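Dear colleague,

Please find below the structure that I am handing over to you. My notes on it follow directly after.

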Amino acid sequence: MSAITTPFGFSSTAAEVAQGIDLGGRRAVVTGASSGLGAETARALAATGAAVTLAVRDTAAGERVAKDITASTGNAEVQAAHLDLADPASVTAFTAGWQGPLHVLVNNAGVMACPEQYTEQGWEWQFATNHLGHFALATGLHDALAADGNARIVVVSSTGHQQSPVVWDDVNFAFRPYDPWLAYGQSKTANVLFAVEATRRWADDNITANALMPGAIYTNLQRHTGGRGSGRVPAELIKSVEQGAATSVLLATSPLLEGVGGRYFVDCNETEVVDQRSGTLHGVARYAVDPHNARRLWDLSQDLITRTGSL
């Protein structure tokens with residue numbers, strides 16, 4: 001299985017990646033699209049002619065972004081809808097209210113390195129928001145994704161996944177001391193594993209899912225870290241928001257990804273599998289693309305979500 005390479009790279013922008021793509025008549029959902037990478041991803045998709053729904057916690061902010069995207073692209077089919085990924089009832093309401101087919105789902109929203117916090121269900125906040133909420137969203141929208149065939153799911157992960165595998169016996173830090181970066185790493189590993197298993201499980205529905213590292217970008221994601229993420233990324237590797245959204249848009253739109261799933265991309269290209277922390281923003285840990293781990297995570301996630309009545 002050869003690695004996917006593209007003409008794009010570190011400096012490419014979302015608009016450059018989407019240039020010449022026509023998604024007229026197709027529909028997309030982008031989570032966390034009221035600012036940052038989500039907003040720019042939605043803007044680029046709208047520019048291709050897709051009807052785009054911004055799935056956001058703050059609907060007023062989402063509506064402002066939707067109007068701005070319409071003004072900049074001329075696409076009037078951009079709207080905001082409420083979605084709180086940490087609240088199973090909100091996810092259920094969103095999926096139950098969706099009508100018709102869905103062609104692109106971008107699981108973009110997330111939290112990073114936040115203080116110790118748990119949902120009403122007892123789920124650790126980062127695992128709940130970054131993974132479980134998106135898992136429930138995608139499974140709840142499965143029929144819509146399968147309706148027309150060739151749907152794509154784009155999963156925004158992070159090199160932070162190299163901080164931790166999924167700790168199967170303690171995903172909620174019930175026994176080990178809470179560490180915000182280990183919790184973040186675990187949730188980002190879960191993002192990659194979801195893409196692997198969704199592609200395998202939904203192959204007959206022609207649904208593919210790929211994960212990505214957008215790069216180091218200063219957005220609201222860094223609100224718990226002083227606005228500068230881990231603080232360990234050299235200045236020359238910091239991307240603009242427009243550059244950071246490029247890999248998401250590539251996975252959502254490029255003909256090169258037709259029928260391709262279960263892979264992990266950095267800087268608009270598939271990256272290598274590594275067996276130790278790479279020390280760079282490239283590389284995907286072997287445990288994050290392991291099919292056995294992916295199946296195990298799916299079963300665990302389904303069990304947790306089913307207990308809430310969301311599936």
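The model is a predicted one, in which local features need pLDDT of at least 70 and side-chain atom pairs count only at pLDDT 80 or more, whereas totals for chains, interfaces and linings use all residues. Residues are numbered from 1 along each chain as its sequence is written, and side-chain values use heavy atoms, with hydrogens and water left out.

Leu145 belongs to the largest nonpolar core, which has 51 residues; Leu145 is listed there among those with the most contacts inside the core, together with Phe94, Leu102, Leu105, Leu141, Ile153 and Phe194. Another core, of 36 residues, lies apart from it and includes Ala50, Ala66, Val104 and Val154. A nonpolar core is here a set of buried Ala, Val, Leu, Ile, Met, Phe, Trp, Tyr and Cys residues joined through side-chain atoms within 4.5 Å; buried means under 20% relative accessible area, exposed over 50%, and partly exposed in between (1.4 Å probe, protein chains only).

Turning to the sheet, eight strands form an open arrangement in the order β3-β2-β1-β4-β5-β6-β9-β10, with mixed pairing. Its edge strands, β3 (78–82) and β10 (269–270), each pair on one side only. Strands are DSSP runs of E of at least two residues, and helices are runs of H or I of at least four, both numbered from the N terminus; two strands pair if DSSP finds at least two bridges between them. Strands β5 (residues 152–156) and β6 (residues 208–213) are parallel and share five bridges. Ile153 has Ala209 as its bridge partner in β6. Helix α7 (residues 180–201) packs on the sheet and touches β4 (104–107), β5, β6 and β9 (264–266). The direction of α7 makes about 155° with that of β6 (axes are lines fitted to C-alpha atoms, for helices over the stretch in contact, and angles run from 0 to 180 degrees between N-to-C directions).

His131, in helix α5 (residues 125–140), counts as buried because its relative accessibility is 2%. The side chains of His131 and Ser301 are joined by a polar contact of 2.7 Å (a pair of N or O atoms within 3.5 Å; within protein, one must be able to donate a hydrogen and the other to accept it, and residues adjacent in sequence count only if both atoms are side-chain atoms). Beyond four places in sequence, the contacts of His131 include Ser187, Ala190, Asn191 and Phe194.

Yours sincerely

Terms used. Contact = heavy atoms within 4.5 Å.
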